[in-house]
Amino acid sequence: MYRIVRKEALKPTVILYEIEAPMVAKKAEPGQFIILRVDEKGERIPITIHDYDREKGTVTIIVQTVGATTEKLSHKQQGDCLHDFVGPLGVPTEVEDLGRVAVLGGGLGCAIALPVARALHQAGNQVDLIGGFKTKDIVILEEEMSKACTDLHICTDDGTYGYHGFVTGKLEELIASGVKFDHVFAIGPLMMMKFACKLTEKYNIPTTVSMNPIMIDGTGMCGCCRLTVGGEVKFACVDGPDFDGHKVDFDEV
């Protein structure tokens with residue numbers, strides 16, 4: 001059983017859970033995910049790892065309450081246990097000193113973009129972290145993101161906070177101002193990643209995306225998470241979730 005050692009509501013429907021899972025924490029890296037079941041008869045859902053603490057033996061995830069399983073999870077309290085917490089799964093994000101990089105996070109994708117940005121920053125990169133939200137009221141993790149990068153740019157669709165527009169608009173604004181990015185990482189809604197790749201392709205900037213198709217077993221057996229990358233069929237769970245965004249067939253996905 002996997003005990004919830006901390007539960008914190010970041011927003012009314014966005015909840016942070018810190019889970020006691022020593023074996024997962026021991027091996028976890030940025031970009032990987034876990035699959036959990038709330039109880040014995042529950043469905044399996046994949047959630048990307050937000051953070052981990054090897055000394056405490058805990059793994060932190062951030063979940064939006066949007067369906068039956070996440071609703072059931074939201075009723076669990078600190079001290080309660082989950083039935084299954086399997087991982088780490090997937091290939092970790094490749095972290096190296098690339099130069100100046102932009103990390104785009106869309107909505108809840110910022111919870112995943114944050115550890116990637118932090119790892120890249122610690123590897124010596126100059127990191128522009130661009131976080132996008134619909135409106136000011138749902139901005140999360142701003143303080144944490146500011147500490148994980150060189151420059152933080154918050155965007156809102158309605159202009160209530162930060163840059164008025166999408167993360168792709170802010171990225172293009174930075175490029176137009178003369179900033180030369182050596183790599184872009186895009187993490188979030190499918191359409192955001194698709195149009196980020198269209199933009200970076202125009203400027204010939206290598207781009208990594210974190211794909212999140214439907215997943216069941218997370219070990220390459222069910223085939224639900226297949227996608228086409230560079231003309232070849234890949235499984236997001238075992239070949240990804242990170243892929244070269246310029247090779248992903250987004251229309252098929």
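Let me begin with strand 10 (residues 126–133) and strand 11 (residues 151–156), which run parallel and are joined by 6 bridges, where strands are DSSP runs of E of at least two residues, helices are runs of H or I of at least four, and both are numbered from the N terminus, and where two strands pair if DSSP finds at least two bridges between them. This is a predicted model, in which local features need pLDDT of at least 70 and side-chain atom pairs count only at pLDDT 80 or more, while totals for chains, interfaces and linings use all residues. Residues are numbered from 1 along each chain as its sequence is written, and side-chain values use heavy atoms, with hydrogens and water left out.

Within that pairing, I130 stands opposite H153 of strand 11. Strand 11 is also joined, again in parallel, to strand 12 (residues 163–164) by 2 bridges, and there C155 has Y163 as its bridge partner.

These strands belong to an open sheet of 7 strands with mixed pairing, in the order 12-11-10-9-13-14-17. Strand 12 and strand 17 (242–244) stand at the edges with a single partner strand each, so one side of each has no neighbour in the sheet.

Further along the order, strand 9 (residues 100–106) pairs with strand 13 (residues 183–187) in the parallel sense over 5 bridges, and V101 stands opposite H183. Helix 6 (residues 190–202) packs on the sheet, touching strand 9, strand 13 and strand 14 (207–210), where contact means heavy atoms within 4.5 Å. The direction of helix 6 makes about 165° with that of strand 13, with axes as lines fitted to C-alpha atoms, for helices over the stretch in contact, and angles from 0 to 180 degrees between N-to-C directions.
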